[in-house]
Amino acid sequence: MSSSSYYELEDMVADKLEAVTNLIKEGAFLVADKVPVVTTLIDEGAPEVAVAETIPAEDVADDQWPIVGMESIINEVCRCLKKEGEDDDDEYEDVGIIGVYGMGGVGKTTLLKQINKKLDLEMKYDFDVVIWVVVSRDLQLEKIQQQIGEQIDLFDVKAWKLKNFEEKASAIFKILEEKKFVLLMDDLWERVDLTKVGVPLPSPENSFKIVFTTRSLQICSLMEADRQFKVTCLSNDDAWELFQALVGDETLQSHPQKVWDLAEDVSRECRGLPLALVSIGRAMVSKKPPQEWSDVFEVLRRSMTSYSGSDDQLKNDIRYNLTLSYDNLQNDMFKSCFLYCCLFPRNSVIEKSDLIDHWIGEGFLDERLGAQLSQGHYIIDVLHSVCLLELGEDDSRVKMHYWIHDMGLWIASKIEIEKGNCFFCTDTDNLTEAQVTEILVKATRMSLLNLNDDVFENLSDAPKCPHLQTLFLIRNNSEMIINDFFFQYMPSLKVLNLSGNSYLQTKLPRGISNLISLQHLDLSCTNIQELPKELRALKKLKCLNLEYTRSLRTIPRQLISEFSVLHVLRFWECGFMLQSNEDIVELEVDFVGEAQDVRESPSSFYFLHEVIIKGCRKLRELTWLIVAPNLKHLQISDCPEMEEIINVGKLSECPMPVESFRGMPGVPFIPPGPPATAFVPVLKLPLSVLLINQIDYYFSDANLIKDEYLKYNMDEQGWVPIALIAGCRRVKNLTTNIQLILDSLRTSAVVEVQDDKVRRRSDWMKWVPIASPVATD
């Protein structure tokens, strides 16, 4: 097939996809974008009210396609909506508000419309009123009032247009409080104050029900959903069933085996995302020649790894839908942290701790001591709650859906191209040396996977990378990266990830000493045997990862101590720590040498806040930790010879008084025997910092989502009496001096102080409690 024909095909498919753009904007993919038609029902002694009728005739064509993979959630939601007494399961009792959430394009709107149809077909006598409302990102309570008014026959009343917002709310409330109603709300992006709109809230004493869809688990909490249902991508079998129904047997059987097999390949490339399955399936309905299917499959694969910034790629409309979740992140820090995840290999599972280490190295997180870990985990929780990250096999890991990863790279490359730079992440199988060299000159962040010597076969000079801040060379097989000159011209490099490189057999190239801006170095899962003494030049290093370096035998004496701003040091399954006891003495001597300088510099590892050690069979103690005064997290496991954390005898070698370490929480002296995991705060932070950290947490999103007591005690401006905060147990354990608390909080970045009150600095208004609805005349 000629190249011109190839791109004509791509343009043709893209044109086909434009037909579903409006559906995408509304979040729907199986039914048209009209809300249900309503009729009026005259209830004796009551005003006319609206009930949902069947889906309009123009939507019937879409109903030919099966609703696959959603049946269980639809049935569960309907059980929650049933009349009291119809279901004996306590799980479904007193469920008034139901939240349905999931990533963009996963089928939430379709699911809600199916629930609407079941209400009409199977539960029409259970409710007087079924109301459909589309909310969308641009939240306007007046538009919600208008949609409700239209469906309960208020909008046609002449007086309606003359009413103000509060009067309309009162009119809606008067009708709905007398009826058994279901309110179906699609596409929530933030909390909706339904009482202001005029909607009475469900309670065990009434028959009101509310079902809403959102992309955010956090919105489910803010809406105080009694039950939450997550809509996930389809399994391979369900995805193929949907794709078959979309394309049709006539096309699939046109060349029985060839088209069928290629169609299965295309279906798998959609990765279970219904929006992708429907968009691509509709485009392929009439495509019968096998070559067209083969070409489309290659277009899909190519667009996953080609990020030139051009807007003519096949899936821009799908990406547009997914981009809305990114756009709705609260600030640039969250957006930067999300885009950074895309540098990791597609489909990989990422350790949360590893991700946070990289963010620390990039300088994304708060520089306040001890705040980075909690902040990093909070950012991960937010990205997970809005379905931009998924949990891995356990809570310690995360991953990205195939299409979310694709969308993130697309956004990142567009941002950098607008600046004249490049953000690049791909396998290098199809790249030439010239292409890689050109990319290196422009790149700010780059991840090259499966790098081999063919790419740099004729490279005689060190690559010049003046703008490069991040370089991932994960699981590569090129000898080039062990050459001393490879890192010579990367003056701005902050993060270098060399994990899993099989060619790192002996030691690191000396050229790494030229990376004077480096803050994060990941050497995990390599076969290095020795760390070069030239690493002393890395004065800005914050994170050093030596996990699973089982061949590592030599670390130059006092090398680690040279990293004076080190935040995280990882020795998990490190060969240096698995050696005989005589070799471990070298680490003890390293400490002793540093101890001589403690009089001049009271702490050698002032910024070190986390140490994780596993499988050090001969390790007996960790007295050197006394020169890490701000250590927050110490994790030790599989160390059978460990007798104590701090050796009393060795403390005499340090000018710091032994009393400084006695009687502190966390048991700094451990009795003989293999310990499990220990969390040992070695020295105390200033009281003002402890107060700020604790009270900042009280007013954080993570706490306010669940802390009803604190929100209940807010006034209409979000202020809380300082006496209430001072009365909290954790604060009382620090101090009972209210004036000291107020003075400390004046430097907080999270809360602000006014007289004897305190409140959250930003977006405090979204946490202010809502008064109970009161009907007005």
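This is a predicted model: local features need pLDDT of at least 70, side-chain atom pairs count only at pLDDT 80 or more; totals for chains, interfaces and linings use all residues.
Which residue forms a salt bridge with Arg271? The partner of Arg271 is Glu269, and the closest N and O atoms of the two are 3.7 Å apart.

**Salt bridges**

Side chains of opposite charge can pair when their charged atoms come close. A search of the whole structure finds 16 salt bridges.

| Salt bridge | N to O distance |
|---|---|
| Arg271 and Glu269 | 3.7 Å |
| Glu351 and Arg397 | 2.9 Å |
| Lys539 and Glu562 | 3.0 Å |

In the pair of Arg271 and Glu269, the two residues fall into separate classes of accessibility. Arg271 has 30% relative accessibility and counts as partly exposed. Glu269 has a relative accessible area of 11% and is buried, because the cut-off for buried is under 20%.

Glu351 and Arg397 meet in a salt bridge with 2.9 Å between the closest N and O atoms. Glu351 belongs to strand 8 (residues 350-351) and Arg397 to strand 10 (residues 397-399), so this pair ties together parts that are 46 residues apart in sequence. Glu351 is partly exposed, at 30% relative accessibility. Arg397 is partly exposed too, and its relative accessible area is 30%.

Lys539 and Glu562 form a salt bridge through their side chains, at 3.0 Å from N to O. Both residues sit in loops: Lys539 is between strand 15 (520-522) and strand 16 (543-545), and Glu562 is between strand 16 and strand 17 (568-570). The pair therefore ties together parts that are 23 residues apart in sequence. Lys539 counts as partly exposed, at 46% relative accessibility. Glu562, with a relative accessible area of 25%, is partly exposed as well.

Some salt bridges share partners. Asp701, Arg760, Asp763 and Lys766 are joined into one network in this way.

**A patch of negative charge**

Which residues gather in a patch of negative charge on the surface? They are Glu93, Asp94, Glu205, Glu224 and Asp226. One of them, Asp94, lies in the loop between helix 3 (71-81) and strand 3 (97-101). Is Asp94 buried or exposed? Asp94 has a relative accessible area of 53%, and it counts as exposed because the cut-off for that class is over 50%.

Definitions and conventions: Residues are numbered from 1 along each chain as its sequence is written. Side-chain values use heavy atoms; hydrogens and water are left out. A salt bridge is a side-chain nitrogen of Lys or Arg within 4 Å of a carboxyl oxygen of Asp or Glu. Buried means under 20% relative accessible area, exposed over 50%, partly exposed in between (1.4 Å probe, protein chains only). Helices (H or I, at least four residues) and strands (E, at least two) are DSSP runs, numbered from the N terminus. Patches are made of residues with over 30% relative accessible area and no salt bridge: like charges are joined within 9 Å, nonpolar side chains (Val, Leu, Ile, Met, Phe, Trp, Tyr) within 5 Å. Accessible areas come from the Shrake-Rupley method with a 1.4 Å probe; for residues, only the protein chains shown count as cover. Lys and Arg count as positive and Asp and Glu as negative; His and the chain ends are not counted. The place of a charge is taken as NZ of Lys, CZ of Arg, CG of Asp or CD of Glu.
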